[in-house]
Amino acid sequence: MKKLNLPIIKKGIPDAKWLSMDDYLKFVNFHLKYTFNKKAYKIWKKMLGVNKPFSLK
């Protein structure tokens with residue numbers, strides 16, 4: 001097995017931040033507005049489609 005040279009974390013884990021539903025909705029809308037690529041999504045959906053007939057025996 002190959003030995004991994006991983007960093008050693010000396011700080012503790014930060015406290016979890018709880019989001020209200022309004023904050024979560026803002027986060028999701030921000031993600032969709034700035035990171036979602038509609039053109040790439042449409043191309044990907046077209047690639048997933050099956051265009052040949054098939055049957056199960």
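A: Here's a walk through the patch, then the chain around it. Keep in mind that this is a predicted model.

The patch brings together Leu32, Phe36, Tyr41, Ile43, Trp44, Met47 and Leu48, and between them they put about 740 Å² of accessible area on the surface. Helix α2, covering residues 38-48, is the biggest giver here, with 5 residues in the patch. Leu32 sits in helix α1, which runs over residues 21-35. Its relative accessible area is 45%, so Leu32 counts as partly exposed; the exposed class needs over 50%.

For contrast, look at Phe27, which is also found in helix α1. Phe27 has a relative accessible area of 52%, so it does count as exposed. From the C-alpha of Phe27 to that of Ser55 is 44 Å, with the two residues 28 apart along the chain.

Now zoom out. The protein chain has 2 helices and 0 strands. Its radius of gyration is 22 Å, well over the 10 Å that the globule rule gives for 57 residues, so the chain is more spread out than a compact globule. The C-alpha trace spans about 60 × 45 × 25 Å along its principal axes.

What share of the 57 residues counts as buried? It's 0%. Back at the patch, then, you have seven named side chains from Leu32 to Leu48 forming a nonpolar area on the surface, with helix α2 giving the most.

Definitions and conventions. Residues are numbered from 1 along each chain as its sequence is written. This is a predicted model: local features need pLDDT of at least 70, side-chain atom pairs count only at pLDDT 80 or more; totals for chains, interfaces and linings use all residues. Side-chain values use heavy atoms; hydrogens and water are left out. Patches are made of residues with over 30% relative accessible area and no salt bridge: like charges are joined within 9 Å, nonpolar side chains (Val, Leu, Ile, Met, Phe, Trp, Tyr) within 5 Å. Accessible areas come from the Shrake-Rupley method with a 1.4 Å probe; for residues, only the protein chains shown count as cover. A salt bridge is a side-chain nitrogen of Lys or Arg within 4 Å of a carboxyl oxygen of Asp or Glu. Helices (H or I, at least four residues) and strands (E, at least two) are DSSP runs, numbered from the N terminus. Buried means under 20% relative accessible area, exposed over 50%, partly exposed in between (1.4 Å probe, protein chains only). The radius of gyration is taken over C-alpha atoms; the globule rule is 2.2 Å times the number of residues to the power 0.38.
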